[in-house]
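Q: Hey, could you walk me through this one? I'm new to reading structures.

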Amino acid sequence: MEGLLFLAPLSLFLETGLPIGLFVPGGDTLLLALGAWAAEGGLEAFPLLPLLFLGSFLGHLLGYALGRYGGKTLRKRFPRDLWQKGERLLLRFGPLALLLAPFLGGVRTLVPFLFGALGFPLGRFLSLVALGSLLWTQGLFLLGYFLGQHLPLWAILGGLLLLGALGLFFRHPSRT
């Protein structure tokens, strides 16, 4: 169980802070599953909840720093469509994008890079990303906990797998 206290926040840190999250988003599923597992009594919510927040927050901070100090170089390495999607989100929602981005796989990785690369003030970034990370990690964990009180863990995990498979099916490039 102690390994989970390290691995779950590390997973969120890697997904939100490094380009890994563009190709392997899974934080939503992880948070929902952990919440459902806690509802069944197989896991204690504390100290996991603050550690999940910390993993997400520090990952976003790493993404911002990488964007701030290497934005031009990094921009060339990102898939163009993902970068454009992030820019559109940023232009449309401005700072509100930091509150919404954690809920969108792939986008949660790109938005901190964008804010850093575009020179968004660090103080405002920290407060907004802290709130966004808090809403995402705690909200989905608690949603999973609520579902876990009403459904068996196997049903929740099966539903998450089905949703993931449907997402892959409809995202597959060969489909038109």
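Q: Where do the numbers and the model come from?
A: Residues are numbered from 1 along each chain as its sequence is written. This is a predicted model, where local features need pLDDT of at least 70, side-chain atom pairs count only at pLDDT 80 or more, and totals for chains, interfaces and linings use all residues; side-chain values use heavy atoms, with hydrogens and water left out.

Q: What does Leu30 touch?
A: Leaving out residues up to four places away in sequence, Leu30 touches Ala8, Ser11 and Leu12. Contact means heavy atoms within 4.5 Å. Leu12 is 18 residues from Leu30 along the chain, and their C-alpha atoms are separated by 8.8 Å.

Q: And Gly26, where is that?
A: Gly26 is in the loop between helix 2 (20–23) and helix 3. Gly26 is partly exposed too, at a relative accessible area of 31%.

Q: Switching topic: how many helices and strands are there?
A: The protein has 9 helices and 0 strands. Reading along the sequence gives α-α-α-α-α-α-α-α-α.

Q: What's up with the span of helix 4?
A: Helix 4 covers residues 45–77, and its end C-alpha atoms are only 38 Å apart, while a straight helix of 33 residues would span 48 Å at 1.5 Å a residue. That expected span is 1.5 Å times one less than the number of residues.

Q: Where does helix 4 bend?
A: At Gly70, by about 100 degrees. The bend at a residue is the angle between axes fitted to the seven residues ending there and the seven starting there.

Q: Which residues does the cis peptide bond join?
A: Phe46 and Pro47, with omega about 20 degrees. Pro47 is found in helix 4. For background, most peptide bonds are trans.

Q: How many aromatic pairs are there?
A: A search of the whole structure finds 4. One of them is Phe115 with Phe120, which is edge-to-face: 4.7 Å centre to centre, with 85 degrees between the planes. Rings of Phe, Tyr and Trp (its six-membered ring) pair if their centres lie within 6.5 Å; planes under 30 degrees apart count as stacked, over 60 as edge-to-face and the rest as tilted.

Q: Are Phe115 and Phe120 buried or exposed?
A: Both Phe115 and Phe120 are buried. They also belong to one aromatic cluster with Tyr64 and Phe125.

Q: What about Ala101, buried or exposed?
A: Ala101 counts as buried, because its relative accessibility is 2%. Ala101 lies in the loop between helix 6 (96–100) and helix 7 (107–117). Not counting residues up to four places away in sequence, Ala101 touches Val107, Arg108 and Val111.

Conventions. Helices (H or I, at least four residues) and strands (E, at least two) are DSSP runs, numbered from the N terminus. Buried means under 20% relative accessible area, exposed over 50%, partly exposed in between (1.4 Å probe, protein chains only).
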